[in-house]
Amino acid sequence: MDLRFGDSKPTDEERAAVDALLGPPESSWEGADRSDADLRWARGGREARDRRDQLLPALHALNDRVGWISEGALDYVCRRLTVPPAEAYGVATFYAMFSVRPRPATVLHVCTDLACTAAGASELCAAVEARLGPESGVKVERSPCLGLCERAPACLAIRAGESARPALEDEAVQAEGGSGGAAPGDGKGKGRRGRNTLHATAVCAPATPDRAIAAATAPETAPAEPAPETAVPQTGTPALTLLHRIGTVDPTSLDDYRAHGGYTALRRAFALGPAAVIREVTDAGLVGRGGAAFPTGRKWQATAAQPDHPHYLVCNADESEPGTFKDRVLMEGDPYALVEAMTIAAYATGAHQGYLYLRGEYPRALARLTHAIEQARTRGLLGDDVLGQGYAFDIEIRRGAGAYICGEETALFNSIEGHRGEPRSKPPFPVEKGLFGKPTVENNVETLVNVLPILTMGAEAYAAVGTPTSTGPKLFCVSGSVARPGVYELPFGATLGDVLALAGVRDNLRAVLLGGAAGGFVRPDELDIPLTFEGTREAGTTLGSGVVMAFDDTVPLPRLLLRIAEFFRDESCGQCVPCRVGTVRQEEALHRIADRTGAAAADDIALLREVGRAMRDASICGLGQTAWNAVESAIDRLGAYE
């Protein structure tokens with residue numbers, strides 16, 4: 001039995017929001033006024049079902065315009081796309097940034113994750129809630145990591161409705177309009193669609209109660225924030241490879257990008273040909289920078305060799321690991337580099353359509369990338385004939401809506417396709433059957449951007465950087481108890497102490513968290529750990545996505561562990577029992593032992609170990625498999641409850 005919405009009807013504003021994305025309905029079967037022809041036959045069903053992938057953008061359109069998704073609006077979307085109401089409701093309730101209950105037009109998301117918690121986020125949130133009562137028209141929500149750890153504590157204000165001003169070309173101003181770069185025509189990247197309604201956003205970081213309230217009450221006129229280049233303390237250092245343009249090049253100017261070496265790599269890719277590009281990437285030893293460290297060349301080759309077509313390219317920019325913000329800095333500070341790198345990856349693997357799945361909490365990156373893609377398309381660097389080479393490729397931005405699990409590649413595919421963002425079982429692997437059931441190559445932002453120096457330097461020169469098994473440069477997200485938090489670029493093989501020395505670690509260091517919430521803690525006497533995939537593995541920890549979060553002795557460790565457990569419990573998609581139940585049991589045990597140590601906590605620690613092993617061995621995806629890592633390392637390496 002399917003869900004029914006009864007007599008609920010969409011408002012004119014809700015209809016307008018959906019129609020701006022999908023175009024006006026063509027028949028009463030899609031929600032138009034009934035005509036005589038509609039009484040004789042049904043039409044448009046096949047075309048509507050082919051546009052199932054527009055469900056998430058349609059929900060964004062409603063949320064951006066109205067601030068929440070009513071039953072009538074959801075029913076209208078279901079009619080437009082021929083999606084069963086129960087399935088659409090399941091999707092709408094899956095994402096944290098959507099609401100199916102009435103709420104104020106303005107929502108203030110206050111980050112309460114690890115770096116912000118250590119910087120006083122709880123006190124900030126309490127102060128804001130005390131001053132913003134129900135009559136303020138602002139809903140305050142405690143949010144997982146907003147990717148602004150270098151400026152903790154942080155908050156993000158989002159106001160629904162039509163913006164009174166156009167989208168800005170120069171996004172040094174932080175109150176931004178966002179549409180999601182609504183792409184093209186009738187599904188699967190064909191043609192171009194209308195843009196979603198602009199809505200106002202304002203980032204406030206570092207946040208104080210006064211600044212947070214100012215951002216929430218008037219995000220359209222919020223004061224400018226520090227430019228994203230401040231997140232790179234090494235700006236101006238000649239040896240930088242991946243970050244050398246950030247802080248020195250205007251990120252909105254295609255001409256400035258090209259004057260600083262932009263599109264040199266793509267021209268060399270066309271000169272080499274697809275097979276030779278894959279060989280260069282393979283010889284360079286590039287591996288994925290998201291934590292799995294799978295060889296990029298092997299993934300590209302496996303996709304390119306598939307006889308089934310079309311092939312797709314997906315850039316995973318859903319950077320949701322607490323403590324991670326390197327991809328945000330790259331997208332905000334050097335957006336054309338990502339566009340160029342995606343074009344090269346697509347050319348090498350035989351893809352003609354790319355999807356950039358972007359975190360919904362990154363409004364500045366959305367504005368910068370939307371502008372960069374439009375400029376590249378206008379200048380012949382995207383479209384039907386890239387650089388006059390007869391190769392067609394285009395990019396569509398898809399916005400996430402607050403779901404950590406969508407960082408897993410198959411969950412991301414489901415999200416794009418208009419389903420709940422739940423991981424798929426493997427095999428088949430994405431290189432065989434990925435997005436829309438077709439061969440798909442998926443890489444994150446940092447991995448793709450590394451392709452540019454491989455082609456400009458040559459594979460041999462690139463492989464000479466780092467270590468024999470971990471080649472090239474690596475970006476590290478340093479936050480917490482350091483003097484200069486930000487993104488640092490070092491060659492693989494640098495030690496943890498080297499990174500912390502650059503960032504200026506404070507006295508009385510208590511612990512360092514490597515890899516984010518899915519990583520592990522190390523002690524202050526272990527700073528000689530080499531930051532390579534093999535080096536951290538030998539040390540019994542993980543490099544993960546490059547998170548280096550330092551905590552001094554003023555930060556209560558049990559409180560951090562409880563926050564990690566809360567995070568995984570909240571972000572579990574609930575598909576598999578080990579993760580769905582295990583994350584709850586882990587949080588419950590940590591609540592019980594929060595104020596106990598020694599023998600009083602022994603039974604719960606034993607239970608934690610048993611639950612952790614079950615999650616690690618039996619969970620479908622990496623969320624459940626790593627949910628116990630940080631807690632285990634804190635107990636075993638730091639003696640958290642002794």
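Reader: Hi! Before we get into single residues, what does "partly exposed" mean here?
Author: Hello! Partly exposed sits between two cut-offs: buried is under 20% relative accessible area, and exposed is over 50%. This is a predicted model, by the way. Aspartate 255 has 47% relative accessibility, so this residue counts as partly exposed.

Reader: Nice. Which residue does aspartate 255 form a salt bridge with?
Author: Its partner is arginine 379, and the closest N and O atoms are 2.5 Å apart. Arginine 379 has 39% relative accessibility, so it counts as partly exposed too.

Reader: And where do aspartate 255 and arginine 379 lie in the chain?
Author: The pair links distant parts of the chain, 124 residues apart. Aspartate 255 is in helix α10 (residues 254-259), while arginine 379 is in the loop between α16 (363-378) and β8 (394-399).

Reader: How many salt bridges does a search of the whole structure find?
Author: The search finds 38. Among them is one between the side chains of arginine 328 and glutamate 332, at 3.3 Å from N to O. Both residues lie in helix α14 (residues 326-333), 4 residues apart, which is about one turn of the helix.

Reader: Are arginine 328 and glutamate 332 buried or exposed?
Author: Both are buried. They also belong to a network, in which salt bridges with shared partners join Glu150, Arg151, Arg328, Glu332 and Arg364.

Reader: What about lysine 326, which residue does its side chain meet in a salt bridge?
Author: That would be aspartate 327, with an N to O distance of 3.4 Å. Lysine 326 and aspartate 327 are both buried.

Reader: Let's zoom out. How many helices and strands does the chain have?
Author: There are 27 helices and 14 strands. The chain has 642 residues, and 61% of them count as buried. If you look at contacts between residues at least 6 apart in sequence, 73% join residues at least 24 apart.

Reader: And the accessible surface of the chain, what does that come to?
Author: About 23,400 Å², with 51% of it belonging to carbon and sulfur atoms.

Reader: How many bridges join β7 to β8?
Author: 6 bridges, with strand β7 (residues 351-358) running parallel to β8. As an example, tyrosine 355 has glutamate 396 in β8 as its bridge partner.

Reader: What does β12 form with β13?
Author: A hairpin, with 5 residues between the two strands. Glycine 515 in the turn has a positive phi of about 85°. β12 and strand β13 (residues 520-522) run antiparallel and are joined by 3 bridges; leucine 513 has phenylalanine 521 as its bridge partner in β13.

Notes: Residues numbered from 1 in each chain as written. Predicted model: local features only at pLDDT ≥ 70, side-chain atom pairs only at ≥ 80, totals over all residues. Heavy atoms only, no water. Salt bridge = Lys/Arg side-chain N within 4 Å of Asp/Glu carboxyl O. Buried < 20%, exposed > 50% of the residue type's maximum accessible area, 1.4 Å probe, protein only. Contact = heavy atoms within 4.5 Å. Areas by Shrake-Rupley, 256 points an atom, 1.4 Å probe, with all protein chains shown as cover. Pairing = 2+ DSSP bridges.
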